[in-house]
Amino acid sequence: MTLAPARARADIGPHYKWIALSNTTIGMLMATVNSSIVLISLPAIFRGINLNPLTPGNVSYLLWMLMGYLVVTAVLVVSLGRIGDMFGRVRMYNLGFLVFTVGSILLSVVVVTFPQTALALIFFRLVQGVGGAMLFANSTAIITDAFPENQRGMALGINAVAAISGSFIGLIVGGLLSTVDWHVIFLVSVPVGLFGTVWAYLKLREIGVVRRARIDWLGNVTFAVGLIAVLVGITYGIQPYGGSTMGWTNPTVLAELIGGVALLVVFAVVETRVAEPMFRVGLFRIRGFAFGTIAGLLASIGRGGLMFMVIIWLQGIWLPLHGYSFDSTPFWAAIYMLPLTVGFLIGGPSSGYLSDRYGARIFATGGMLLAALSFGLLTLLPADFTYAPFAALLFLNGVSMGMFVSPNTAGVMNSIPADRRGVASGMLATFQNSGMTLSIGIFFSLMIAGLSSTLPAAMYGGLSAHDVPANLAHQVANAPPVGSLFAAFLGYNPISTLLDGSLHQLPPQQVAYLTGHTFFPTLISTPFITGMRITFFFSMAMTLVAAVASQLRSTARPQLRALRRRAGAAPPTVTISASYGALGSEIGPAVAQRLGVPFVDRGIPAETAKLLDVPLAEAIERDEQRGPAVERLVAAAAVSLPQYGVMPPVGDEPETSAERLRRATSIVMHDVARRTGGVLLGRGGMVVLADLPYALHVRLDGDTATRLRRAVQRGVPEADATRDMQRTDRARELFMREVYGVDVHDARLYHLVLDTTVVPAAACIDAIVEAARALASGRPLPSVVHGAVSVQRAG
């Protein structure tokens, strides 16, 4: 007998989880590096395609180059996560690698230099965004599938650190490569993408629960159009409109924002009405998911615009004041922001590892409190700061964000059912990406509002004092401040650009001063630092609220660790799936007696009946039946949690009968595994408890003729035994397919697949007992069990 891996691990080797982590880490690094590599390389790109950033119409190109990628990933990531649940997360992830690589190739071969080139670049960036969304949506779910619960915090921490640190690495890589040629910043992703695509195709396997379902087209359309409208409205809201410095009064922007919000409300209603929604509103009934996701959204809003503001602070003020030319400030800004990256690299993996032992809440909440402290202390710095305290605060902010992201992601993913990990990962990523885009809009709006109130007077006074004609000084001072802000952001000297046609009229010494390193930074420093402090106070408020949300998550520590601390080892838990006549009713009780745990057979439908508020006789009669029988079993609406009172619906969305039965059975089985352990016969235990690393999953089967002969030897007429075998086996197959979407004969669902018509019952019992004890104590499965059953190691 061979050991079929839990979720297909053994047949792909013991190191599969590290292969999955390595590949997804490369994928996340590639996706996030390419978001910031463009950010720091925009000066080279704009110069390469001959676009002036101060021309009002060109601000749109800049914003879409910056935010188009985020908009696409935010819009598509939930849908692609849901599709991954339905058709395979690895399949969607592999496709994402390929699409991203194709987008990178297209970007690197753009050679024309006219404004329409910007449109081509934006379009190909959107293609990259589609690939990035596929990677974002499924990488977290792939890692969650591959790693046991007691290692997920560490694994997800590494992945999350790769995702966010990639944005900082991209700044440095972009700063270096853009000095060579702007095409190279896109070309550098091509070999990485090709390698990752081939490696993922060859090595990654579908080991998660895949449930076929209909695509929720109406939900997808309303969500996509609504979110696009909101994010596009934010993008254009920070651009000048008419005589206003920003576009929030623009009727088009208002229509996009209001219409987008309305469509999202429609979307929420639609998701409560369809049988297979793309956005599982019911997941918000899970405390860990709900508060973890809310905390993630608030943290993204609080930190999303930080990098942009700090880059502008460094490039527009601090670096020029310290002798750096405007052309060189993008690269040096990335260098001086390294403490932020280092802090994150330290805080992320370490907190992820520790959260596996002590739970997510303490680290996620503590991270947000430390982040709030760092934002508060940043408000105390002057515009021309001393670098040491600035670097220390950036480091503290990086550590605090790392402390939050890794445990929060692990806590969210550990809280949801295995067959919902793709959509849950997508929902989490959507909230985070939407929070980033919203944060950028808020930060820029606050900054522009602050500049608008003080910059014109300061600009006019400074220019007039250095012989600039009054009419020209007035014209420049009243130009939209967003132009000056973005010019500094791109490494341009705004003054030399704004006065380009009039500099020859001024004395040479005035020209040298006005276009030098200190005039513009000194001029803008007071208005800018006022706006910066407003944004820091906003971030502090967001992170404090995020800390409250994080604190409200479930207090339960990781199940496996808690059980081992309490009893020295997890209570042995075995699930047995048996064909008719395969000795399940004999082997199950014998294994339970040997392990000293309960044998749970009809106790499952009994507790499920209590949960669903239906008669026990009906639950037993309808157990493992198909179609209308399942419908009748779960027809009652009033349900009660065993030992905990009323079990509410999972959300406003209507649950199908299969979903209600699946959820009720999961509660019962997890409660048994948590409290006492046990041997659980039938009812899809190998799927329900697939997330417990210490649960052993066994399949008992055998030759049809031999199983039939056993029944006849026990006094059952052959005709009756034949009919019962066909009916029972068929009903169980249909039950598993309808309720759990799996094939009961799929060996990948089990650790042990035993042919009881060949292997003696005593040897089967010995093999199961030894394997169960090994898993419960955290030891690897044995290579050979009593010499009678050959097994492989689980990965």
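This is a dialogue on how to read some features of a predicted model.

Biologist: What should I know before I start?

Modeller: The model is predicted, so local features need pLDDT of at least 70 and side-chain atom pairs count only at pLDDT 80 or more, while totals for chains, interfaces and linings use all residues. Residues are numbered from 1 along each chain as its sequence is written, and side-chain values use heavy atoms, with hydrogens and water left out.

Biologist: Which side chains can pair by charge?

Modeller: Side chains of opposite charge can pair when their charged atoms come close. A salt bridge is counted when a side-chain nitrogen of Lys or Arg is within 4 Å of a carboxyl oxygen of Asp or Glu. The whole structure has six salt bridges.

Biologist: Where do aspartate 720 and arginine 723 lie?

Modeller: Both are in helix α30 (residues 718-740), three residues apart, about one turn of the helix. Helices are DSSP runs (H or I, at least four residues), as are strands (E, at least two), and they are numbered from the N terminus. The closest N and O atoms of aspartate 720 and arginine 723 are 3.1 Å apart. In helix α30 there is also the pair arginine 730 and glutamate 733, again three residues apart, with a salt bridge of 3.8 Å, N to O.

Biologist: Is arginine 707 buried or exposed?

Modeller: A residue is buried under 20% relative accessible area, exposed over 50%, and partly exposed in between (1.4 Å probe, protein chains only). Arginine 707 is buried because its relative accessible area is 5%. Aspartate 720, at 28%, is partly exposed, and so is arginine 723, at 39%. Arginine 730 has 43% and is partly exposed.

Biologist: Which residues make a nonpolar surface patch?

Modeller: Patches take residues with over 30% relative accessible area and no salt bridge; like charges are joined within 9 Å, and nonpolar side chains (Val, Leu, Ile, Met, Phe, Trp, Tyr) within 5 Å. Areas come from the Shrake-Rupley method with a 1.4 Å probe, and for residues only the protein chains shown count as cover. Here Leu95, Leu98, Val102, Ile105, Leu106 and Val109 make a patch of about 440 Å². Leucine 106 is in helix α3 (residues 89-108) and is partly exposed, with a relative accessible area of 30%.

Biologist: How many cavities of 30 Å³ or more are there?

Modeller: On a 1 Å grid over the protein atoms alone, a cavity is a set of points where a 1.4 Å probe fits but cannot get out, and lining residues have an atom within 4 Å of a point. Points are joined across faces, edges and corners, and the volume is the space filled by probe spheres set on them. The count is four, and the largest cavity holds about 810 Å³. Its lining has 43 residues, and the closest to its centre are Thr32, Ala163, Ile164, Arg303 and Met436. The lining divides into 25 nonpolar, 16 polar and two charged residues. In that division Ala, Val, Leu, Ile, Met, Phe, Trp, Tyr, Cys and Pro are nonpolar, Asp, Glu, Lys and Arg are charged, and the others, Gly among them, are polar.

Biologist: How many residues apart in sequence are threonine 140 and alanine 424?

Modeller: They are 284 residues apart in sequence and 9.4 Å apart in space, C-alpha to C-alpha. Threonine 140 is in helix α4 (residues 115-146) and is buried, at 11% relative accessible area.

Biologist: What is phi of leucine 583?

Modeller: It is near 75 degrees, a positive value in a residue other than glycine. Leucine 583 is in the loop between β1 (573-578) and α23 (584-595).

Key: 1 Å grid on protein atoms, 1.4 Å probe; cavity = no way out; pocket = protein on both sides within 12 Å on 5 of 7 lines; lining within 4 Å.
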